[in-house]
Amino acid sequence: MRWSAWPKETGSFCTVDGPNGEVGTCVLFFTKAKRIRRQEIIAFEENNTVVLTLVAPGPPHHPRLRFGVRPCGETATTVAAHFVNDLPHPFDIVRKFAGLSAWTQRMNRNDLEGLKAYAEPPHRDIGGRVVG
């Protein structure tokens, strides 16, 4: 989560529950010491792909987010995201008119920028600090 825009954008902080980078590991999001949501790794390929699902309050839905990372030489990386959310009617209309779809798309783009900065030398976190 060092590269993710979600904690800053949602005003939350997060912790990892489970072995980092393994299927079943969860990122727990908190605000004011109350857990508000969690992301669970449901598929993982070392240095390549991670698939997350989000569990949060609200209407019944099943969001899945796949991030892919592909090296392009020694200092460049291609990153991609694929976001799917099965949101039943009428919640899909409410989500669109409330601006949640645009907000989610913007955060996913910010996540891609953060992931690219984290994956390429000099490996920077979401705040721009060198982390490795």
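## Report on a predicted protein model

Asn 110 is partly exposed, with a relative accessible area of 22%. Here, buried means under 20% relative accessible area, exposed means over 50%, and partly exposed lies in between, with a 1.4 Å probe and protein chains only. The structure is a predicted model, in which local features need pLDDT of at least 70, side-chain atom pairs count only at pLDDT 80 or more, and totals for chains, interfaces and linings use all residues. Residues are numbered from 1 along each chain as its sequence is written, and side-chain values use heavy atoms, with hydrogens and water left out.

Asn 110 belongs to helix H3. Leaving aside its neighbours within four places in sequence, Asn 110 is in contact with Ala 5, Glu 9 and Ile 126; contact means heavy atoms within 4.5 Å. Between Asn 110 and Thr 15 there are 95 residues of separation in sequence and 20 Å in space, C-alpha to C-alpha.

### The overall fold

The secondary structure of the protein comprises 3 helices and 6 strands. Helices (H or I, at least four residues) and strands (E, at least two) are DSSP runs, numbered from the N terminus. Read from the N terminus, the order of the elements is α-β-β-β-β-β-β-α-α.

Along the principal axes, the C-alpha trace spans about 45 × 30 × 25 Å.

Of the 132 residues, 30% count as buried. The protein exposes about 8200 Å², of which carbon and sulfur atoms supply 56%. Accessible areas come from the Shrake-Rupley method with a 1.4 Å probe, and for residues only the protein chains shown count as cover. Among the contacts with a separation of 6 or more, 28% are between residues 24 or more positions apart.

### The largest pocket

The largest pocket holds about 790 Å³ of space. On a 1 Å grid over the protein atoms alone, a pocket is an open set of points with protein on both sides within 12 Å along at least five of seven lines, whereas a cavity is a set where a 1.4 Å probe fits but cannot get out; lining residues have an atom within 4 Å of a point. Grid points are joined across faces, edges and corners, and a volume is the space filled by probe spheres set on the points.

How many residues line the largest pocket? The lining has 25 residues, and Trp 3, Phe 44, Val 50, Leu 115 and Tyr 118 lie nearest the centre of the pocket. By class, 14 residues of the lining are nonpolar, 8 are polar and 3 are charged. Ala, Val, Leu, Ile, Met, Phe, Trp, Tyr, Cys and Pro count as nonpolar, Asp, Glu, Lys and Arg as charged, and the others, Gly among them, as polar.

Strand E3 (34–45), strand E4 (49–55), strand E5 (64–71) and helix H3 (100–119) each supply at least two residues of this lining. E3 gives the most, with 4 residues.

### Residues in strands and loops

The table lists the accessibility of selected residues.

| Residue | Relative accessible area | Class |
|---|---|---|
| Thr 77 | 9% | buried |
| Glu 40 | 22% | partly exposed |
| His 123 | 25% | partly exposed |
| Asn 47 | 64% | exposed |
| Pro 57 | 65% | exposed |

Glu 40 is placed in strand E3. Not counting residues up to four places away in sequence, Glu 40 touches Gly 24, Thr 25, Cys 26, Val 51, Leu 52 and Thr 53.

Thr 77 is in strand E6 (residues 77–84). With residues up to four places away in sequence not counted, Thr 77 touches several residues, including Val 69, Arg 70, Lys 116 and Ala 119.

Pro 57 is found in the loop between E4 and E5. Its C-alpha atom is separated by 7.4 Å from that of Ile 36, and the two residues are 21 apart along the chain.

### Backbone features

Asn 47 is found in the loop between E3 and E4. Phi of Asn 47 is near 55°, a positive value in a residue other than glycine. His 123, in the segment after H3, also has a positive phi, of about 55°, although it is not a glycine. Pro 122 lies in the segment after H3, and a cis peptide bond with omega of about 15° joins Pro 121 and Pro 122.
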